[in-house]
Amino acid sequence: MPEQPYEPERAVAGTGMGGQMDLAASEATTVEEAPGGPSGGPSGGPEGTGPREKARSLWSDAWHDLRRNPVFLGSALVILFLVVIAVRPSLIASGNPLQCDLARAQDGSRSGHPFGFDGQGCDVYTRTVHGARTSVTVGVLATLGVALLGSVLGGLAGFFGGVWDAVLSRITDIFFAIPVVLGGLVLLSVVTSNTVWPVIGFMVLLGWPQISRIARGSVITAKQHDYVQAARALGASDARLLLRHIAPNAVAPVIVVATIALGTYISLEATLSYLGVGLKPPTVSWGIDISAASPYIRNAPHALLWPSGALAITVLAFIMLGDAVRDALDPKLR
Amino acid sequence: MGRYVIRRLLQMIPVFIGATLLIFLMVNVMGDPVAGLCGERQCDPATAAQLKREFGLDKPVWRQYLTYMGNVFTGDFGTAFNGQKVTELMGTAFPVTIRLTVVAIVLEIVLGIALGVLTGLRRGRPVDTGVLLLTLVVISVPTFVTGLLLQLLLGVEWGWIKPSVSAYATVDELIVPGLVLASVSLAYVTRLTRTSLAENRRADYVRTAIAKGLPRRRVVVRHLLRNSLIPVVTFIGTDVGALMGGAIVTERIFNIHGVGYQLYQGILRQNTQTVVGFVTVLVLVFLAANLLVDLLYAVLDPRIRYA
Amino acid sequence: MRTATHATWAACAVAAALAATACGGGGGGGDKAVLTSSWGDPQNPLEPADTNEVQGGKVLDMIFRGLKRYDPETGEAKNMLAERIETRDSRNFTVTVRDGWTFSNGEKVTARSFVDAWNYGASLRNNQKNAYFFAYIDGYDKVHPEDGSKQSADTLSGLKVTGERTFTIRLGQTFSTFPDTLGYPAFAPLPRAFFDDHDAWLRKPVGNGPYTIRSYAKGALMGLRKRDDYPGADKARNGGVDLIVYTDNNTAYTDLMSGNLDLVDDIPAAQLKNVRTDLPGRYLNEPAGILQTLAFPHYDKDWSGSGSEKVRTGLSMAIDREQITKTIFRKTRTPATDWTSPVLGADGGYRAGLCGDACEYHPKEAKKLIEEGGGLPGGQVKITYNADTGSHKEWVDAVCNSVNNALDDDRACVGNPVGTFADFRSRIGDRKMSGPFRAGWQMDYPLIQNFLQPLYYTNASSNDGKWSSEEFDALVDRANGETDTATAVGLFQQAEAVVRDDMAAIPLWYQNGSAGYSDRLSNVRLNPFSVPVYDQITVG
């Protein structure tokens with residue numbers, strides 16, 4: 001990669017100055033670092049050499065990195081595959097997930113039914129493939145919603161502090177106090193539609209406080225960084241500070257928590273179904289199948305294994321993707 | 001600092017009122033609890049009316065709320081449907097759950113941060129991959145299943161533990177349930193620590209510390225870890241309340257009669273008194289935990305100051 | 001053995017925690033003759049007239065004995081505290097209480113013990129959920145006005161104490177089998193202590209049965225011990241029973257497997273496949289007086305019109321009961337062929353096959369009948385059930401799959417869970433059901449009357465579908481007035497045929513009681529109410 005050679009030099013230079021742990025000196029460092037480093041900015045890297053012909057923003061830098069990262073490509077492929085089978089499950093599973101014959105309940109695999117049968121005698125393979133649509137939709141959309149709402153509110157609270165922080169944080173506290181079971185039974189039992197939207201909405205409503213607190217903590221730390229102070233001293237606006245300087249440095253914990261939460265939301269959907277307020281049959285989802293197969297783990301572990309496995313692969317793909325994106329966004333690792 | 005704490009303590013009042021009101025309304029929206037009290041039959045109308053009168057359910061919601069809050073301030077949290085005082089229920093449930101939560105949090109801190117440091121310093125190595133796979137298992141297999149499996153293996157097959165926790169619920173009995181309870185959070189803590197660590201590893205102060213010739217251990221613990229802990233501490237802080245109120249599954253598997261169980265029962269039976277009482281205490285725990293976390297920020301990062 | 005020592009240690013810890021028994025030294029272990037048994041937290045305070053579910057009933061059955069007792073084996077109502085109950089007209093009864101009975105606190109059981117208890121149970125003021133059991137007695141409308149207005153009397157005018165050991169009962173109507181209902185726990189006698197210091201009694205109930213309560217930690221454990229001065233013939237054959245509250249029957253089962261618990265009377269469905277290998281020879285699966293049905297909202301025009309009975313019959317024929325009871329329930333339930341229960345016995349009114357073809361699996365005919373009846377309302381039936389108790393999801397899904405396969409339509413039938421039991425009951429009470437819903441009936445006493453009248457009589461307390469038939473009501477009235485038991489049973493069966501012809505509710509299966517126990521125990525059996533007969537169990 002072309003920018004590799006000069007990178008360590010700059011880093012070493014930075015170390016030298018920051019090493020005194022002296023506020024003035026650090027500020028000096030970040031004055032230099034801010035435009036070229038995390039923010040990118042129109043001026044581009046001051047030391048920009050040959051291959052970097054035009055100025056690149058942080059995001060295009062990141063994209064440049066990602067395209068070459070095998071971890072990113074691998075996880076993106078898996079996610080693409082999931083999206084394809086979510087849209088057209090019949091491409092790889094032609095059977096009917098609702099066709100169940102109790103006489104075959106808990107049977108192991110046999111020809112034409114590679115994953116065996118579940119407790120109701122439904123084909124596990126067909127159900128696992130057809131379950132992707134609901135589960136991936138719920139997982140991804142709920143995570144996106146939670147991450148967006150949570151980081152915006154948490155970010156604002158952390159950045160502005162004072163009254164903003166007090167009000168937003170206390171609202172967060174109140175939402176935190178609602179037990180999931182109670183929230184589910186109250187908010188979802190009045191819903192009659194059997195679509196994923198109420199479930200996603202519910203998860204966003206109860207899920208954002210967690211991300212919000214994480215984002216708030218991150219922003220409070222990032223706000224203290226020297227380059228942020230420097231940028232502020234140079235007269236950067238609040239919006240610019242937040243978006244250009246703080247967000248990229250505060251986003252890592254949010255990504256970590258969100259990618260793990262993705263998996264827990266897919267499971268939470270099952271919990272809601274178990275409580276009788278989530279998605280109802282004939283909807284097919286991994287969550288529903290996992291919770292139905294759980295009690296039978298001693299006799300029919302395969303019925304649990306496959307949908308859980310699908311869930312694990314999905315979570316893995318998103319965790320790796322998140323990791324790769326985070327690395328790409330971190331100028332210090334570049 | 002002192003003024004900050006006082007201000008935060010004062011802020012608890014509106015949160016307390018807001019949360020109790022919200023929960024109170026939610027339980028009320030659920031409908032008529034008396035309908036579920038007579039088994040598979042209709043309560044006879046006279047008894048049903050009488051029961052409603054006794055529980056105060058015949059009054060408008062705002063009156064019910066005011067009466068309830070009035071009672072709470074005199075220390076009376078009401079009575080559950082089975083005739084037990086809610087304070088009595090709390091008295092038995094909270095000590096058990098607090099022990100369970102402490103066990104879980106300690107495991108989270110010790111195991112989670114240790115694994116996080118290990119993987120953060122060895123990114124991409126087999127250890128890192130191994131821990132990632134473990135993380136995946138924990139996330140994708142429901143707690144219900146991990147709990148049952150541990151119970152079967154350790155309790156029945158190998159006989160290392162008792163499969164269920166006695167009414168005593170001593171700390172040693174709670175280690176396995178605590179591990180199950182902490183498992184998902186462990187995954188979060190591990191990955192948060194790992195990421196934070198990786199991010200700060202190249203920070204200037206770390207290079208300085210290394211350049212100064214400090215021993216590696218000291219660098220990691222004093223410089224790197226301390227600066228990486230803010231997101232982790234935030235997470236653990238938010239987790240305290242979630243663990244206390246959300247241990248429904250774990251408490252059920254190991255037959256622990258704690259807060260999660262009482263809250264769940266209260267919700268299913270639509271017992272306003274139990275639910276609001278327990279949630280009220282949980283809210284206080286949240287608030288305290290959050291305040292503590294915010295104060296820890298300043299300890300971990302001296303640049304953060306509270307006026 | 002590690003497991004074994006662990007178990008004893010556990011038993012000791014629990015006992016020590018509750019200061020109930022002293023753990024012996026030496027070899028360790030508590031009172032060897034005491035067994036531990038799984039229990040559920042009773043929903044209501046343990047007053048006899050306020051306990052309407054099995055878990056509370058279990059305790060009442062150990063600490064109380066009533067005028068009658070149902071034979072643990074046959075279910076027949078036999079005199080217990082009653083020396084005799086006489087009547088000439090099936091309306092006025094004279095009861096003589098046996099001499100020599102005492103409560104465990106030494107107080108004598110007299111006629112007054114019964115009359116006071118019943119008056120307490122019937123009185124609206126006391127909020128007793130079983131009050132309606134006293135509704136047959138004259139004067140009930142005064143002490144328990146149905147409209148909730150102020151009660152105009154404190155005691156039932158139909159009850160009169162005529163001597164220390166005799167009292168008379170006058171009913172509001174003739175009811176020939178009334179004495180046989182007196183084995184229900186609501187009719188238990190109560191000591192004066194109950195009225196004098198009610199709170200203290202509730203903390204530690206006192207009764208006249210073969211066991212006394214030694215310690216009671218609500219929500220956790222109840223220690224019952226054998227009563228040495230018990231005057232009855234059914235003296236406890238063990239030293240006592242520790243009932244331990246479990247929130248999940250699977251945990252109790254695991255504890256049983258690991259030697260941590262002696263008796264589990266509710267084997268989780270998921271473990272039934274392994275139970276014979278886990279507990280070789282120590283597993284019980286015995287018929288109980290429980291019938292599961294699908295009820296219908298007869299107030300909804302979709303289900304009340306002509307032809308709807310064909311749709312209901314068609315649905316019934318689309319359910320493969322054999323397969324479901326075999327696969328889902330592992331034969332702990334038996335396909336139902338009538339609307340009562342085998343525990344009644346042929347003399348008691350059970351008639352196998354009364355339902356005929358309509359309760360057998362005939363997919364083709366099912367499809368035809370449903371089409372003849374005008375098809376499923378809206379093209380789809382939703383079977384409503386509550387999700388919070390009793391894991392109904394599995395069988396509802398299986399029933400739906402069976403219906404869908406028979407009708408060759410993926411979406412003909414879907415399960416429709418409701419979050420809480422209270423919400424489920426509210427919807428039933430408010431007549432908000434739009435399709436079939438789960439209904440279960442556990443008998444209060446082993447009489448055919450109890451399987452029919454509360455469920456299908458116009459406006460009866462458990463007639464959830466609001467089904468109504470003049471013919472049925474008339475037959476039941478006649479049967480109740482009949483003094484000859486056999487004739488009465490015959491009339492009830494005629495009434496049952498009316499239910500069948502309209503398929504008022506679809507009978508699904510008879511539920512068995514199932515239990516497993518440790519190798520320390522012998523003589524374990526379940527009574528027709530699916531409760532272990534504790535007093536007969538021997539330990540060691």
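Mentor: A residue is called buried if 20 or more other C-beta atoms lie within 10 Å of its own, exposed if 12 or fewer do, and partly exposed in between, with the C-beta atoms placed from the backbone. By that rule, 52% of the 307 residues of chain B count as buried. This is a predicted model, in which local features need pLDDT of at least 70 and side-chain atom pairs count only at pLDDT 80 or more, while totals for chains, interfaces and linings use all residues. Residues are numbered from 1 along each chain as its sequence is written, and chains are lettered from A in the order in which they are written.

Chain B has twelve helices and zero strands, where helices are DSSP runs of H or I with at least four residues and strands are runs of E with at least two, numbered from the N terminus. The C-alpha trace of chain B spans about 80 × 55 × 30 Å along its principal axes. Two residues are in contact if their C-beta atoms, placed from the backbone, lie within 7 Å; among the contacts in chain B between residues at least 6 apart in sequence, 74% join residues at least 24 apart.

Chain B also meets its neighbours: Tyr188(B) and Leu192(B) are among the residues that Val257(A) touches. On another side, 45 residues of chain B are in contact with 52 residues of chain C, and α1(C) supplies the largest share of the side of chain C that touches chain B, with seven residues.

Notes. Lists of a residue's contacts leave out its neighbours within four places in sequence.
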